[in-house]
Amino acid sequence: MEIQFSVPVNTAKKKTSAAKRHVKCDESRPACLNCLKWRGYCDSYADAAEPRPLKKTPTANQGAKLVRTHKPPLLITEPAVNTIRFANSEQRAYFDEWSKLSMAFLSGGLGQTRLWSATMPQVSSEETTLRYGAMAVGALRKAYELASPSMALTTGNKHYLNAVIYYCEALRRQAKAVPTREGLRTALLSSLLFICFEAQRGNMPAALKHVTHGFSMLNELAACTDLAPSLVSIAQAPPALVQEILDCYKPLELQSRSFMGSYKKFFFPPTPARAASSPGVSRAAATGHAQLPASPDGPAANYDIMQRAHPSPSHPRSSWQSPPPASTLASQTGLLSPQSRSGSATAPRSHSPPPGARRLASIAPFTKHSPYFRPRQSNITTLDNMPQVFKDLEEAQGYWSLVQKAMVTHLPMLTMVTSQLGLTRTVSEAELDMKLRSVKQNPRITRFIAETRYWISRWAEAIEPVRQAIWRNSVNDHQTYLQAVNLRIEYLILYVYTTVPRFSGLVTAKGLTPQYREINRLAETLLMARPNCGFAMDSGWTWPLFISSFSCRDGAVRRDAIRILGQYPIRNALRDSRVFRAIAMRNQEVEEQTVLEGTEHEQWLGLRRRELVFEDFGTTIIYRSAQKNRSTGDWELVEEVAQCSALSSDGKLDWLRQPVSDSASIMSGVC
């Protein structure tokens with residue numbers, strides 16, 4: 001059987017990227033290996049073939065003669081697939097559990113991506129490293145069937161013990177892997193499997209480490225470094241697979257931004273004695289504010305060294321107690337995010353950060369100049385071409401990506417302006433009010449708000465007719481309706497961001513109540529419609545619901561958001577809705593105490609001091625709020641800390657007071 005599909009064919013004379021390649025099926029089960037080799041998945045067995053009629057054998061009355069031989073012919077039968085790939089039925093059961101999770105739940109339910117529904121199950125069945133990683137995830141799912149996800153698993157749980165054993169075996173095989181034609185594909189996919197395993201069991205430090213390693217490998221391709229040609233030469237997967245992997249890493253990049261602040265403290269712990277004894281160490285490094293150095297060989301140059309020197313915390317004999325040497329920092333930090341850059345997206349760029357800039361772990365931009373990658377062909381390249389009315393939802397999504405990019409480009413500036421206020425060191429209400437008012441008087445902030453709100457309004461007007469048509473046809477085309485609902489939530493959150501309620505008056509903050517109420521309603525619609533097993537590798541709607549539960553001035557809306565977070569518990573990759581619900585519940589207690597004192601405007605001024613910080617790679621939460629000192633009668637800034645793993649049976653965290661630190665809040669202008 002011969003299969004025909006489109007794959008990039010590079011020739012010296014032709015510049016086509018959609019030539020037809022004829023690949024002969026090798027008839028392997030359960031998936032054709034040639035298909036997996038050239039495009040990452042096989043669908044030739046989607047429909048079971050009709051059994052062929054047996055040839056009519058001659059009967060005795062047709063004069064056939066019986067031929068006798070001295071010994072019967074040797075019949076060679078193909079061994080069962082289970083005996084080749086799995087040592088026992090338990091391993092097969094774990095793999096089946098993983099396949100069910102991958103195909104039905106991991107992509108989130110809005111649209112089943114081929115990476116999770118086809119590529120991952122098929123490739124992990126063939127690749128030994130991926131198969132052990134898949135069995136580890138499947139065994140972990142079995143372990144949680146015997147214990148609640150909020151409970152700590154121990155080796156007394158047989159499935160959890162097997163999960164750790166298979167996970168360590170996958171790590172060992174990946175660390176010893178020799179570069180082959182399938183090497184890059186296996187490394188990228190195994191990185192996703194490792195993230196899935198660690199995130200599912202709540203080990204955020206290890207999950208973030210795998211995230212940054214995945215960023216590093218992708219960045220070598222995007223940055224056209226010296227390692228890129230060798231990565232291309234060993235890569236077997238087509239550009240379509242790279243696009244699917246990039247799509248899977250996008251929510252991981254956005255979520256990891258919440259935890260990147262703890263990288264600085266980890267790499268440069270505050271050790272004054274050590275700094276004093278080392279003349280080469282600056283005061284900034286000693287206090288935890290040093291800039292991360294860049295590696296001259298690119299972010300993945302020391303990947304193997306980092307894996308051997310600093311294994312995952314779940315791997316035997318691993319330790320996170322001491323910081324890695326400076327030469328390995330590049331493997332933990334990627335290049336600047338494409339959304340954080342400005343300028344043309346099609347021109348080659350220098351990936352060296354400006355002097356003094358701290359490099360965050362993120363994905364570098366892929367362009368037409370990047371080897372081994374062909375961006376999706378689209379005529380949507382600039383917001384200036386935005387039509388008055390979109391023709392369909394796909395066009396609206398294309399322009400929405402540009403709107404998001406234009407907004408996120410200004411986030412570093414907004415974060416910098418916020419951090420320069422020094423709100424944690426403010427002592428009087430007059431000083432606090434003056435600093436908060438000064439933000440909107442900043443020319444750069446004013447320009448950012450005006451430009452972003454203009455494009456958001458243009459986009460909202462253009463999509464309105466399309467949205468109304470989809471709403472009317474929601475019964476007949478429910479999937480498109482859910483996608484439009486998700487896009488609507490993204491619009492509402494961006495609308496709230498660009499209002500910067502923390503730096504606005506009470507009237508402006510109250511005016512956002514309809515947006516928060518709509519976020520609650522739409523998010524619950526999506527949560528009710530999606531299949532939910534408690535874990536997914538998408539962005540989910542935990543963050544929009546948390547913003548509603550934290551920022552809205554209407555107590556009923558806040559309580560409704562907290563209810564939804566508790567009614568649909570789920571961990572979306574790095575974000576656990578149970579943790580964010582616990583933070584929202586603590587915030588609700590502070591809100592109820594605040595309304596007992598002073599006028600509404602005085603209460604709002606105090607609430608604008610609230611800040612949220614994730615430390616220690618997302619395992620520690622810092623919550624700041626203004627609380628009244630009962631002995632002196634003064635309002636003071638209080639910093640409380642809690643461990644994410646310490647959720648009680650009622651869903652609350654154990655908050656302990658500590659001295660106010662200088663850690664930067666992840667909330668920026670949202671309050």
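In helix H21, the buried residues are Thr513, Gln515, Tyr516, Glu518, Ile519, Asn520, Leu522, Ala523, Glu524, Leu526 and Leu527. Buried means under 20% relative accessible area, exposed means over 50%, and partly exposed lies in between (1.4 Å probe, protein chains only). This is a predicted model: local features need pLDDT of at least 70, side-chain atom pairs count only at pLDDT 80 or more, and totals for chains, interfaces and linings use all residues. Residues are numbered from 1 along each chain as its sequence is written, and side-chain values use heavy atoms, with hydrogens and water left out.

**Confidence**

- pLDDT is the predictor's confidence in each residue, from 0 to 100.
- The protein chain averages a pLDDT of 75, and 66% of the residues score at least 70.
- A contact means heavy atoms within 4.5 Å.
- Residues 272–360 also stay under 50 in pLDDT. Here the model has 176 contacts beyond four places in sequence.

**Helix H21**

- Helices (H or I, at least four residues) and strands (E, at least two) are DSSP runs, numbered from the N terminus.
- H21 covers residues 513–529, which makes 17 residues. From first C-alpha to last, H21 reaches 25 Å, close to the 24 Å expected at 1.5 Å a residue. The expected span is 1.5 Å times one less than the number of residues.

- Strands E3, E4 and E5 form an open sheet in the order E3-E4-E5, with mixed pairing. Two strands pair if DSSP finds at least two bridges between them.
- The edge strands are E3 (535–536) and E5 (575–576), and each pairs on one side only.
- E3 and E4 (residues 571–572) run parallel and are joined by 2 bridges. Ala536 has Asn572 in E4 as its bridge partner.

**The sheet of four strands**

- The order is E6-E7-E8-E9 in an open sheet, and the pairing is antiparallel.
- E6 and E9 (656–658) stand at the edges with a single partner strand each, so one side of each has no neighbour in the sheet.
- The twist averages 35° from one strand to the next. Axes are lines fitted to C-alpha atoms, for helices over the stretch in contact, and angles run from 0 to 180 degrees between N-to-C directions.
- Helix H24 (residues 577–594) packs on this sheet, touching E6, E7 and E8. The direction of H24 makes about 5° with that of E7.
- In strand E7 (residues 620–628), 8 of the 9 residues are buried, so E7 is largely enclosed by the rest of the structure.
- E6 (residues 611–615) pairs with E7 over 5 bridges. Leu612 stands opposite Tyr623 in E7, and Val613 has Ile622 as its bridge partner.
- E7 and E8 (residues 635–643) are joined by 9 bridges. In E8, Glu640 is the bridge partner of Tyr623.
- The E6 and E7 hairpin has 4 residues between the strands, and Asp616 takes a positive phi near 55°.
- The E7 and E8 hairpin has 6 residues between the strands, and Gly633 in the turn has a positive phi of about 80°.

**Cysteines**

- The structure holds 0 disulfides. A disulfide is a pair of cysteine sulfur atoms within 2.5 Å.
- For Cys196, the nearest cysteine sulfur is that of Cys248, 9.0 Å away. Cys196 is buried, at 0% relative accessible area.
- The sulfur of Cys533 is 9.1 Å from the closest cysteine sulfur, in Cys196, too far for a bond. Cys533 is partly exposed, at 22% relative accessible area.
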